[in-house]
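Have the structure open beside you and try each task before reading on.

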Amino acid sequence: MSGIRDRVAVAGVGYTAFSKDSGVSTLTLACEAVLAALADAGLSPDDVDGVATHRVGDSAAPSVVGPALGLPPPSWYLDQFGGGSVSHAVVGQAALAVAAGIARTVVCYRAINARSEFRMGGTGRALPVGPEVQYQAPYGYVAPPQQFAMYARAHMAKYGTKSEHFGRLAVIQRANAARNPRALMRTPITLDDYLASRWIAEPFRLLDCCLETDGACALVLTSAERAAGLRHRPVLISAAAWGGGESFLSGPAPRDVTVAAWGGGESFLSGPAPRDVTVSSAAELAPRLYRAAGVGPGDIDVAQLYDCFTYSVIVQLEDYGFCAKGEGGPFVESGATALGGTIPVNTHGGFLSEGYVHGINHIAEAVSQLRGDAEERQVPGAEVALSTAQPGYVLPATSALILRAA
């Protein structure tokens, strides 16, 4: 969406502590994160006229958070159904509201007691909605690790991707988390530690899987002009993109697609992409996102790639154009995604080691990198960042942002 390019800024970020048992409600978590983000921006609740979140029945709605904080009646709000796939779409839609003049200051938040209360794929909960579930549930095929494991196995079979590639990514992200005082898991790990961790759903071991986390994160959006007079260096939203398919679990119906090569020229991917599960929905979204921002993969200084599982990072490295298709594993193994590498990824430790707040904490880390206040994990000279949502498996929707330092 080039119409919002650099017109809206993230002016503040806020977190609660990340834990395995918050001891408070999701409403309390949401309120704490929103207040922290407003304080970071140098604003007050009275300045807020827009509120946005996403949830799957596991959080506090804007209609509850607003009155709890004493916010003025909103001129715009969004209560988006969906998990990590829509996390960046929420921020993109908030940016549209600010750019259109519908709202002046929007807070976007995600709050979840994902360890102590609402465990994704846990027992004792209703099955997901969708016609496919009736064919999967009798075989116990309902939890995210099971579903993503099938995609990872397909990538291993087609391209020779190895468990050691997944493990190397987990080791790198844990090293990043060791530099992050917010992270739940800060003890460094080795590849041997990874290989010794127990199976969850082959080929995934425990250290392939994101953390179930209690916590919340929030962002404050306002116009670029207004943000320039606030507390921090503004971080501009250069582009936002979202989209996807028709089905929650099957993915879109097969159809021929051609994705143009970066910068024009011959296509790097063509044919019935949805039939090839080693290609995520991000492959179709990425060219649109880059065009809207006026940049390409080579312009990205730091990337926060949705890491519900190690495999999701590897496939996104390919589908966002940082390496050729099938080379995500060796790319990680080379050290390219580590701090000091060619494209540092998940500098906060990601969902694997910092904590899983369903997408928003990736955006907050991108903001910190572009403001230059990420301390020990700072990428020198970072000016452009990519932050992504779940790349479109299970729920075929995906979304992403490109951010730029003002």
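## Exercise 1: a residue and its core

Task: find which residues Phe322 touches, leaving out those up to four places away in sequence.

Solution. Phe322 touches Tyr290, Pro297, Ile300, Leu317, Phe331, Ile343 and Leu386, where contact means heavy atoms within 4.5 Å. This is a predicted model, in which local features need pLDDT of at least 70, side-chain atom pairs count only at pLDDT 80 or more, and totals for chains, interfaces and linings use all residues. Residues are numbered from 1 along each chain as its sequence is written, and side-chain values use heavy atoms, without hydrogens and water.

A nonpolar core is a set of buried (under 20% relative accessible area, 1.4 Å probe, protein chains only) Ala, Val, Leu, Ile, Met, Phe, Trp, Tyr and Cys residues joined through side-chain atoms within 4.5 Å. The largest one has 54 residues, and Leu317, Tyr320, Phe322, Leu386 and Ile402 touch the most other members. Helix H9 (residues 282-293) gives this core its largest share, seven residues; helices here are DSSP runs (H or I, at least four residues) numbered from the N terminus. A second, separate core has 39 residues, including Ile4 and Val90.

## Exercise 2: the chain as a whole

Task: state what percentage of the chain's residues count as buried.

Solution. Of 406 residues in the protein chain, 59% are buried. Then look at sequence separation: among contacts between residues at least 6 apart in sequence, 76% join residues at least 24 apart.

## Exercise 3: two helices

Task: list the residues through which H6 meets H10.

Solution. From H6 come His165, Phe166, Leu169, Ala170 and Gln173; from H10, Thr310, Tyr311, Val313 and Ile314.

How values were computed. Buried means under 20% relative accessible area, exposed over 50%, partly exposed in between (1.4 Å probe, protein chains only).
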